[in-house]
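Subject: Structure for your files

Hello,

Here is the structure I said I would pass on. My notes follow below it.

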Amino acid sequence: MDLFTNTYYMCYRDVMMIDIDRYKTNGELPVDTLEDIKIKLSKHPKLFFRIYSSRNGYHIFVINKSMNYKSDESIRLMSELGCDFYYIVYSYLRGWSVRLNK
């Protein structure tokens, strides 16, 4: 729980969750559509992913491999897939987190 914002999180140290925001745009088009994301994921054939639609985008979980939230590999993968920059920084400090309340 974040005491300053009264926000509840579930945090993971070895289950990677990638947060991609749908509402961010580049000009008039969304930065990444679901199809764009699937194409990016297909470039990592050794990893299996599960995609969940969230209120503002997608949460993508790596489901076949434990990942270290502070590893260069994890940071690089999140960046390549278009993960929100601030979430990358936040997850490096705390682990991968899913907000449980609005």
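Asp 19 stands opposite His 59 in S6; a pair of strands is called paired if DSSP finds at least two bridges between them. Helices (H or I, at least four residues) and strands (E, at least two) are DSSP runs, numbered from the N terminus. This is a predicted model, in which local features need pLDDT of at least 70 and side-chain atom pairs count only at pLDDT 80 or more, while totals for chains, interfaces and linings use all residues. Residues are numbered from 1 along each chain as its sequence is written, and side-chain values use heavy atoms, with hydrogens and water left out.

S6 covers residues 57-62, and six of its six residues are buried (under 20% relative accessible area, with exposed over 50% and partly exposed in between; 1.4 Å probe, protein chains only). Strand S2 (residues 17-21) runs antiparallel to S6, joined by five bridges. Strand S5 (residues 49-53) is also antiparallel to S6, again over five bridges. Three residues lie between S5 and S6, which form a hairpin. Tyr 52 has His 59 in S6 as its bridge partner.

**The two histidines**

The side chains of His 59 and Asp 19 make a polar contact at 3.4 Å (a pair of N or O atoms within 3.5 Å; within protein, one must be able to donate a hydrogen and the other to accept it, and residues adjacent in sequence count only if both atoms are side-chain atoms). Leaving aside neighbours within four places in sequence, His 59 is in contact with residues including Ile 18, Arg 50 and Val 98 (heavy atoms within 4.5 Å).

His 44 lies in the loop between helix H1 (34-42) and S5. Its side chain makes a polar contact with that of Glu 80 (3.1 Å). With neighbours within four places in sequence left aside, His 44 is in contact with Phe 49, Leu 77, Glu 80 and Leu 81.

**The largest pocket**

A pocket here is an open set of points on a 1 Å grid over the protein atoms alone, where a 1.4 Å probe fits, with protein on both sides within 12 Å along at least five of seven lines; lining residues have an atom within 4 Å of a point. The largest pocket holds about 500 Å³ of space. Of its 22 lining residues, Asp 19, His 59, Ser 97, Val 98 and Arg 99 lie nearest its centre. At least two lining residues come from each of S2, S5, S6, helix H3 (85-94) and strand S7 (96-99).

Regards

Technical notes
Grid points are joined across faces, edges and corners, and a volume is the space filled by probe spheres set on the points.
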